[in-house]
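Try each one before you read its solution.

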Amino acid sequence: MTRDLASIARLLGATLVDGGTLGPKAPVSSVVPLADFAVVPHPQFATLVVGDPDEIASALDRSDRREQLRLAVAVVTGPLEVVPEGVTAIIDPDLEPVVVLPTLQALLATDAAAEDRAVLAATKVLALAARRSGVAGVVAELARRLDGWAVLLDRDAQPIASAGAGALHIGDAVAVAFNRPVRVRSRALQVHPVGTDEDMSAFLVVTARSGSTSRARDLSSQAAALLDLLLRTHDGSRTERLGRATMMRVLEEGGPTALALAKEWGVRDRSLAAFTLSARSSSVDAERVVVHWLEDLGAPHLLTAAHGLVSGFAREEHTEELARRATTFSVPLHLGLGSPAQVDALAGSAEEARRAHDVAVAEVRAVVRYRSMPTIDLVLDRLAPSDARRLAALIEPLRDDDLVDTLRGFLTENGAWGAAAARLGVHRQTLAARVRRIEHITGLSMSSADDRAAAWLALRAHA
């Protein structure tokens with residue numbers, strides 16, 4: 001973690017005199033005794049300069065030392081009568097004077113070690129993202145770790161990959177990376193060259209909304225080195241995704257070719273069930289999530305991803321586990337599951353999964369199984385196009401939108417006059433008059449259960 005001046009003052013039981021430009025939230029980078037203080041390493045980070053009251057007062061009396069201390073923070077081991085204007089100081093700590101400097105040194109050393117451990121752990125995650133998702137995975141994981149955004153630009157200022165960045169952010173990234181004379185709206189941007197000066201391959205531009213700036217710098221440097229390796233080698237993850245996409249197309253086409261290819265891929269099951277999954281948040285890499293789940297289950301990666309939508313096939317018991325994980329996932333997911341089908345005839349199951357997913361998105365549900373969808377959906381899905389058109393023709397004469405809405409509202413409330421009138425916002429007499437007109441035009445009777453069912457099917461087919 002990064003300490004700020006206010007937390008240092010609280011830890012020492014001292015008083016913070018905020019007279020300089022840093023402010024109480026300024027992060028602390030280093031601590032030195034007054035005798036060793038010569039220059040401030042970084043103007044945006046606080047350098048703590050420790051001395052006793054007499055030493056600090058003597059230094060403040062000298063104009064050259066006073067100007068140096070204005071850029072740092074004086075930590076006085078006792079009370080100080082006068083703190084000159086423009087000087088930030090931490091005075092009169094509760095600790096014994098002789099232990100103030102060692103305490104601060106030990107504290108910052110512990111924090112630095114914690115930062116190193118955090119960077120090391122995050123670097124391992126970046127390496128895993130590189131193995132699974134290539135360049136895009138590294139950029140996405142880096143942006144998440146920084147709680148900010150990241151943009152990878154090629155040498156022609158064209159984006160290679162970005163995460164959490166909009167058009168304005170990309171514009172700012174180009175401006176700072178290539179020294180364009182335009183106003184930059186984002187603050188605290190860091191530019192990390194990908195490659196060496198003689199052989200530059202790209203530029204990584206990042207910003208962190210919170211946390212340690214030094215950690216962001218160290219982690220981004222590690223990411224830049226990893227990206228340089230990825231950009232100079234063959235992208236195996238891309239090849240794998242293309243292979244899986246081709247595999248999915250062959251499986252959906254079905255027939256002996258699909259069966260033979262599935263066996264070569266290591267699929268020994270006679271039947272599979274289709275699934276389609278997406279995440280409500282664009283920050284979630286749905287493909288990566290599903291791949292991780294399939295690896296845990298020891299299942300082959302029969303899936304493809306496009307535009308945030310992951311489609312694939314799995315054993316029926318595995319789809320049940322996918323459903324359980326989708327329901328308990330930390331971010332809302334939408335999962336549609338098709339019915340099991342023979343490996344050489346999976347097109348129907350794939351279409352069922354897509355339809356179930358559409359329902360899951362529309363109804364904001366985590367999991368929808370096609371076989372659990374209302375019977376009317378199953379009926380409509382199995383109608384030939386010509387039959388669907390004939391069914392929709394039942395209400396075609398109702399060209400008045402008010403009559404169509406009236407019919408839908410009346411049937412939605414199961415023919416309850418009061419509830420239907422309230423839903424439509426009309427008087428019951430008005431509703432009755434409209435229903436009689438509907439019956440006259442269509443030849444259907446709303447007092448007949450069969451006619452009401454036919455009318456509802458016609459409405460759904462018409463939609």
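**Exercise 1.** How many residues of domain 2 are in contact with residues of domain 3, and how many of domain 3 take part?

Solution. Keep in mind that this is a predicted model. Start with the bounds: domain 2 runs over 116–233 and domain 3 over 238–373. Next, look for contacts: five residues of domain 2 meet five residues of domain 3. As for spacing, the C-alpha centres of the two domains sit 32 Å apart.

**Exercise 2.** Work out what area is buried between domain 2 and domain 3, and who supplies it on the domain 2 side.

Solution. The buried area comes to about 510 Å², with carbon and sulfur atoms giving 28% of it. On the domain 2 side, 77% of the area buried against domain 3 comes from Arg132, Ser133 and Glu141, more than from any other three residues.

**Exercise 3.** Find the salt bridge between domain 2 and domain 3.

Solution. The count is one. Check Glu141 against Arg288: their closest N and O atoms are 3.1 Å apart, and the cut-off is 4 Å, so the pair qualifies as a salt bridge. Now sort the domain 2 side that touches domain 3 by class: two residues are nonpolar, one is polar and two are charged.

**Exercise 4.** In which sense do strands E6 and E7 pair?

Solution. E6 covers residues 148–154 and E7 covers residues 159–163; they pair in the antiparallel sense over four bridges. Then go to the hairpin: four residues lie between the strands, and Ala157 has a positive phi near 65 degrees.

Terms used
Residues are numbered from 1 along each chain as its sequence is written. This is a predicted model: local features need pLDDT of at least 70, side-chain atom pairs count only at pLDDT 80 or more; totals for chains, interfaces and linings use all residues. Side-chain values use heavy atoms; hydrogens and water are left out. Domain bounds come from an automatic or database domain assignment. Contact means heavy atoms within 4.5 Å. Buried area is the accessible area (1.4 Å probe) that two parts lose on being put together, summed over both. A salt bridge is a side-chain nitrogen of Lys or Arg within 4 Å of a carboxyl oxygen of Asp or Glu. Ala, Val, Leu, Ile, Met, Phe, Trp, Tyr, Cys and Pro count as nonpolar, Asp, Glu, Lys and Arg as charged, and the others, Gly among them, as polar. Two strands pair if DSSP finds at least two bridges between them. Helices (H or I, at least four residues) and strands (E, at least two) are DSSP runs, numbered from the N terminus.
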